[in-house]
Amino acid sequence: MKTLRWNHRLDRGECRTCRAHRSPEEVCTGCGRQRRVNARTDTGGALCVTCYAHTRTATDTDTCQECGTVGPLATRSDGKGEDARNLCGRCYRNPRRVCGICGRRKRVALKATATSPDTCPTCYQAPVIDCSICGQHALGRRTTNHGQPRCFACQAAEQIEAALTGPDGRIRPELKPVRDALTELNRPRSLLNNWHKLASLRLLTDIAQGHLELSHDALDALPHVFSVTYLRAMLVAAGALPPRDENATRLHRYATEVVAQVTDPESRGVLTRYARWHVVGRAKTNRHGHISANVAARCRSDIDIAHTFLDHLTATGHTLDDYPQDRLDAWITTNRNARLSFIRWLTRGGYLPLIQLPEPVRQKDPTHDIDPDEQLALARRLLHDPGSASIEDRAAACLILLYAQPAAKIAALTTDDIEIRDAGTYLTLGREPLLLIPPLDGLVTALPITKPFGTASTLADPRWLFTGKNAGTHLHPASLIHRMNRLGIIARASRNTALLHLASTTPPAVFASLVGITIGAATRWTTLAGASWNTYAASPR
């Protein structure tokens, strides 16, 4: 029995579900029940959706070339390509191509024709309309403006205005730059879909409604989660909150919380002095005057070790005046040098009179087990192959592989560090500007690249070469290291290999001033490389 699929087309803009609901109800010739018509037989009899599926299964005997199942096929081979095969619905996968409307690489919902490009599911469900408010030809809805079409940008702007309007019917002056940044987003539909899902936007609404104070202290009282960090960065970049050193603030707060956990008054006083003056007070800042994420992590580790020792002291029933040598020898068996740092500070302060400190263990030579030829080959490929990685990743990788730069310094580079002269492009990494080799100079001068997502695209700080995901911030060093790992670059080992190569080919005073390390470190690397530059300064030119 031949069946014909019911034609649901109507001369109006309706979705597939609404068109199906408008189909007539008749007695199905297959099951005998009163149901909506999904198809008709060659004699005009009605078939419901269930009987139509059974009819297709019974009459279609094509075989899936993937799993071998006999039944209805989702796609058939047309003999025009290697991927054209007979596939059932379970084995068929929609192709993934660049959407001709939004430009994103996604699953194709509507294949390209002679007059229309490939369309992803998101754009397929949203028609391109002429907005009745702004007049632009863009994605939107046909009837959301009192029966008139309205684009997603106008719809998002109305929702943002409503959310940021306070009880007095006005938007606070501090939040107007935030409103402007949100309305200028390139993907307003994403904002509409996620407005009630994003905790940062809910917190922003609470601030606008007066339920949450607009201050750093109010945000500090909330749990330290990504949504709070994202909102704080957005408010700082928009000028609603004053800027501050986040790593330093979190480090001070962490030290206070750890000290509060100590119950013994004497131990609490010792830990307070150590954490506040020796660890946090002596933390090194970068050239921007901020504490880097790596330095803050090391400081937290030092505070944790001190806290662990004081807890160990209490658990063993000893004090700082009668702690014996054998207990100390047992405690420092793991992580020896790190744990001895706090013990040395105690002995300098007159504590632990019964302790005799052991000789410090000489640190091992830094690992540099990467083949220099392989590293140079990788750097050469990243320099000359545009398809090897993004411009950001290629520039950062070459700074590690060729100039031995740490991830924390690369992430914090600014446009002020670039200087273009007649001789070429210079990048300041140390005391003296470094002349970049081509085509690395082109990669560096192409930075920064605006992020395509969120408020980081509209509130980005143009001075950072490597912009971060949060508004107005630079890329986090941990994120940069993760991206390098995906390229096959182990940051520490690759940097050591580059330092070893520089030490063997360049006088220590020269490469120390160019790549930004101390002359002592450069000399140690020269010794490790087995190079001798004792006669370099006196050699005739």
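## Aromatic pairs

Two rings of Phe, Tyr or Trp count as a pair if their centres lie within 6.5 Å, with the six-membered ring standing for Trp. A pair of aromatic rings is described by the distance of the centres and the angle of the planes. The model examined here is a predicted one. Searching the whole structure gives seven aromatic pairs.

Take Phe309 and Tyr323. Their ring centres are 5.3 Å apart, and their planes meet at 80°. The pair is therefore edge-to-face, because an angle over 60 degrees falls in that class. Phe309 belongs to helix H12 (residues 293-315), while Tyr323 sits in the loop between H12 and helix H13 (325-331). The contact therefore ties together parts that are 14 residues apart in sequence. Phe309 is buried, at 0% relative accessibility. Tyr323 is buried too, at 0%.

## A stacked pair and a cluster

Phe342 and Trp345 make a stacked pair. The centre-to-centre distance is 6.0 Å, with 15° between the planes. Planes under 30 degrees apart count as stacked, so the 15° angle puts this pair in that class. Both residues lie in helix H14. They are three residues apart, which is about one turn of the helix. Phe342 has a relative accessible area of 0% and is buried. Trp345 has 16%. The cut-off for buried is under 20%, so Trp345 counts as buried as well.

Which residues do ring pairs link into a cluster? The members are Tyr274, Phe309, Tyr323, Trp331, Phe342 and Trp345. Phe309 and Tyr323, the edge-to-face pair, are among them.

## Charged surface patches

Arg348 is placed in helix H14, which covers residues 336-348. Is Arg348 buried or exposed? Its relative accessible area is 59%. Exposed means over 50%, so Arg348 is exposed. Helix H14 thus carries Arg348 as well as the pair Phe342 and Trp345.

A negative patch gathers Asp264, Glu266, Asp321 and Asp322 on the surface. Asp264 is in the loop between helix H10 (246-260) and helix H11 (265-280). With 32% relative accessibility, Asp264 counts as partly exposed.

## Backbone exceptions

Most residues other than glycine have a negative phi, and most peptide bonds are trans. Some sites in this model depart from that pattern. The peptide bond joining Pro438 and Pro439 is cis, with omega about 5°. Pro439 lies in the loop between strand S13 (433-435) and helix H18 (440-445). The bond from Leu447 to Pro448 is also cis, and its omega is near 0°. Pro448 is in the loop between H18 and helix H19 (477-486).

Positive phi values come next. His146 has phi near 55°. The residue is in the loop between strand S9 (137-145) and strand S10 (148-151). His146 is exposed, at 80% relative accessible area. Leu352 is not a glycine, yet its phi is positive, about 55°. Leu352 falls in the loop between H14 and helix H15 (372-384). Leu352 counts as buried, with 2% relative accessibility.

Notes. Residues numbered from 1 in each chain as written. Predicted model: local features only at pLDDT ≥ 70, side-chain atom pairs only at ≥ 80, totals over all residues. Heavy atoms only, no water. Helix = DSSP H or I, 4+ residues; strand = E, 2+ residues; numbered from the N terminus. Buried < 20%, exposed > 50% of the residue type's maximum accessible area, 1.4 Å probe, protein only. Patch = residues over 30% accessible without salt bridge, like charges linked within 9 Å, V, L, I, M, F, W, Y side chains within 5 Å. Areas by Shrake-Rupley, 256 points an atom, 1.4 Å probe, with all protein chains shown as cover. Salt bridge = Lys/Arg side-chain N within 4 Å of Asp/Glu carboxyl O. Lys, Arg positive; Asp, Glu negative; His and termini not counted. Charge placed at Lys NZ, Arg CZ, Asp CG, Glu CD.
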